[in-house]
Amino acid sequence: MKHQSDLEYVDRLLDGSRDVSGDSSAFWLHVVQAARAYAASTPDGKEAVARALTLRSVRHLEAAAPWYRRAPAPRLGVVVVSALVLAAGLGLILSGPYKPRQITNRHADASLVARGIYDNGRLLSSSEQAGTKTCSTMRGRLTPKVKSKGAVLRYENPARVGVR
Amino acid sequence: MSDYIDKTSLDDATLVALAREGDRSAIECLFVRYMPVIEASLAGRLPRVDKDDLVQDVLVGALVNLGRLRDSARVGPWFMSIARHKLHGYYKARKREGQAKVELERVADEELVLWAPGPDAQAAMNQLAEATLAALGELKERYRVVLYLRLFKGLSYSDIGARLGVRDGTIRIRAKRGLQSLRCKLVARGFTPPEPEAQI
């Protein structure tokens with residue numbers, strides 16, 4: 001019997017030739033039959049193509065028309081100008097008319113100023129009122145209280161300073 | 001639809017040019033033409049349930065990146081490279097989720113295929129097809145693609161060569177070497193063909 005390679009068997013099987021014989025032909029016959037039956041039972045791909053073109057890629061198609069155009073990267077000038085605008089705005093807020101107003105003695109409760117409790121936006125500690133220096137431990141104890149009162153004073157109506 | 005029928009006879013370069021201008025039927029025609037190549041590239045490399053999703057990902061990836069295709073005459077290899085890339089991403093995602101090994105082993109360790117005459121013949125044939133796919137998945141891509149297109153899709157060597165941008169002689173050599181490997185892998189999986197008289 002003439003020796004035939006696997007390739008020749010498969011070619012003859014696929015071409016529908018009847019001149020196929022030998023053990024190898026049986027082997028490849030079943031493989032080819034199984035493969036063809038499997039391929040026939042699976043979708044031909046047109047459905048997948050239609051699905052890809054309609055469902056998941058519709059956004060891409062919209063973005064791509066007339067064809068895909070990548071969004072341009074932000075240019076250096078735009079970045080620099082944006083940074084400058086932000087910096088200017090921040091500076092305006094911190095140093096300009098939007099800075100929290102300090103209540104001076106002129107607008108504060110006159111009696112508090114007169115008694116030495118309040119001085120230009122700051123509520124004086126008891127040691128400062130007494131004209132003595134505050135040691136570090138005393139300052140540590142008093143500072144929060146002074147700060148909290150100072151914060152209240154800075155944002156409250158000057159007429160109400162001293163009520164709290 | 002008539003648009004689509006007319007464009008099936010166009011060559012790849014023309015279809016790509018039309019597709020780049022947004023011609024939807026040209027895109028569809030291109031995809032249908034190269035769908036077997038994409039399937040061949042993924043054959044036996046992942047579970048069947050995930051294959052359809054990945055094929056769709058490949059198509060969407062091709063759609064988005066069609067503008068980047070350099071050589072319009074080598075659409076087949078381009079689709080294969082996208083499929084390879086998506087498959088790599090799939091493996092990475094599976095690895096992150098800690099289930100890649102399980103899923104791929106499930107594909108590779110299909111039940112042994114034995115010849116079963118009678119009512120079980122159909123089931124045996126399905127098993128043989130699955131085992132063939134799994135064995136193809138273990139082959140190198142250049143063999144796997146050629147054998148899938150030849151055995152499963154029934155394409156001629158010249159058709160395969162045209163789609164892959166390779167000469168017919170090269171395709172034939174790949175088929176020959178691939179079939180030798182495939183036979184070894186199927187035999188190793190336990191497939192023994194029936195005696196010649198038993199199959200009649």
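Axes are lines fitted to C-alpha atoms, for helices over the stretch in contact, and angles between N-to-C directions run from 0 to 180 degrees. Helices are DSSP runs of H or I with at least four residues, numbered from the N terminus. The model is predicted, so local features need pLDDT of at least 70 and side-chain atom pairs count only at pLDDT 80 or more, while totals for chains, interfaces and linings use all residues. Residues are numbered from 1 along each chain as its sequence is written, and chains are lettered from A and ligands numbered from 1 in the order in which they are written.

**View 1. Packing of α3(B) and α5(B).** The axes of α3(B) and helix α5 (residues 75-97) of chain B lie 9 Å apart, at an angle of about 50°. α3(B) is therefore oblique to α5(B) (under 35 degrees is roughly parallel, over 145 roughly antiparallel, 65 to 115 roughly perpendicular, the rest oblique).

**View 2. Residues between α3(B) and α5(B).** Residues are in contact if their C-beta atoms, placed from the backbone, lie within 7 Å. On α3(B) the contact includes L30(B), Y34(B) and V37(B), and on α5(B) it includes F79(B), M80(B) and R84(B). By class, the contact has 10 nonpolar, two polar and one charged residues (Ala, Val, Leu, Ile, Met, Phe, Trp, Tyr, Cys and Pro count as nonpolar, Asp, Glu, Lys and Arg as charged, and the others, Gly among them, as polar).

**View 3. Packing of α2(B) and α3(B).** Helix α2 (residues 12-20) of chain B packs on helix α3 (residues 24-42) of chain B at about 135°, with axes 7 Å apart. These two helices, α2(B) and α3(B), are therefore oblique to each other. L15(B), V16(B), L18(B) and A19(B) of α2(B) meet A26(B), I27(B), C29(B) and L30(B) of α3(B). This contact has eight nonpolar, no polar and no charged residues.

Technical notes: Two residues are in contact if their C-beta atoms, placed from the backbone, lie within 7 Å.
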